[in-house]
Amino acid sequence: MLKGKHIGFGLTGSHCTYEAVYPQIEKLVQLGAKVSPFLTYTVEHTDTKFGDSDDWMTRLQSITAEPFVNSMVKAEPFGPKTPLDLMIIAPITGNSISKFANAMTDSPVLMGAKSTLRNGKPVLLGISTNDGLGLNGVNIMRLMATKNIFFIPYGQDDFKKKPNSLVADMNQLIPAAEAALTYTQLQPVLTTEG
């Protein structure tokens, strides 16, 4: 189902989630998808305790030979000119969730998602936010109720220490992507493990 599909893969600044996400990008490529990486500015330029940005970029480039979509100018053609079959954003932070739910397109990742929706194609979100059951809850629900937006199943990752935190189960990215390509939400969308 994924072979020959052109997939945009957006990364936002939830650096602690990259170790779970990168193997899924590798699987998409192994399954024959053409994967174009879309990056927020934070992803490309921020070093954290989870790794240096240069190392993450080098690793990403070793997975997919497609050029980075790291500016608004590079993202804009992914509308009618170069349509995607599917846009995945994983991880998508609470900040990007809030912007996306309120039609604020200020990064290459969100421009890719907007263009994909404009073309009537699916967008798949893998959330990673510490306020999913807080202020961002309303934004998540707005996106869940929006046509052509789907979610990798998600749940609370540490309900004792971080009761508002929600994280997608990135191990379900591939089946969620296959479901999204048929405009179907993989169920159950709410899991007991993040």
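Reader: Where is tyrosine 183 found?

Author: Tyrosine 183 is found in the segment after α8. Helices here are DSSP runs of H or I with at least four residues, strands are E runs of at least two, and both are numbered from the N terminus. Two notes on the source. Residues are numbered from 1 along each chain as its sequence is written, and side-chain values use heavy atoms, leaving out hydrogens and water. The model is predicted, so local features need pLDDT of at least 70 and side-chain atom pairs count only at pLDDT 80 or more, while totals for chains, interfaces and linings use all residues.

Reader: What phi does tyrosine 183 have?

Author: Start with the general idea. Most residues other than glycine have a negative phi, and most peptide bonds are trans. Tyrosine 183 is not a glycine, yet its phi is positive, about 60°. Alanine 103 also has a positive phi of about 60°. Alanine 103 sits in the loop between α5 (94-101) and α6.

Reader: Is alanine 103 buried or exposed?

Author: Buried means under 20% relative accessible area, exposed means over 50%, and partly exposed lies in between (1.4 Å probe, protein chains only). Alanine 103 counts as exposed because its relative accessibility is 68%. Tyrosine 183, at 38%, counts as partly exposed.

Reader: Which peptide bonds are cis?

Author: One runs from alanine 90 to proline 91, with omega near 0°. Proline 91 lies in strand β3 (residues 86-92). Another runs from glutamine 187 to proline 188, with omega near -5°. Proline 188 is in the segment after α8.

Reader: How many residues of helix α6 are buried?

Author: Eight of the eleven residues in α6 (residues 108-118) are buried. Among them are Val109, Leu110 and Met111. Just after α6 comes glycine 120, with a positive phi of about 75°.

Reader: Which residues touch the most other members of the largest nonpolar core?

Author: In soluble globular proteins, nonpolar side chains tend to be buried together. A nonpolar core is a set of buried Ala, Val, Leu, Ile, Met, Phe, Trp, Tyr and Cys residues joined through side-chain atoms within 4.5 Å. The largest one here has 59 residues, and Phe9, Tyr22, Leu28, Ile88, Leu125 and Phe151 touch the most other members. Helix α8 (residues 173-181) gives the most to this core, with seven residues.

Reader: How many salt bridges does a search of the whole structure find?

Author: Side chains of opposite charge can pair when their charged atoms come close. A salt bridge is a side-chain nitrogen of Lys or Arg within 4 Å of a carboxyl oxygen of Asp or Glu. The search finds three. In one, arginine 59 meets glutamate 19 (3.3 Å, N to O). This pair links distant parts of the chain: arginine 59 is in helix α3 (residues 53-63), and glutamate 19, 40 residues apart from it, is in helix α1 (residues 18-30). Glutamate 19 is exposed, at 51%, whereas arginine 59 is partly exposed, at 26%.

Reader: Which residues form the other salt bridges?

Author: Aspartate 106 pairs with lysine 99, their closest N and O atoms being 2.7 Å apart. Aspartate 157 pairs with lysine 162, at 3.0 Å between the closest N and O atoms. Aspartate 157 is partly exposed, at 33%. So is lysine 162, at 38%.
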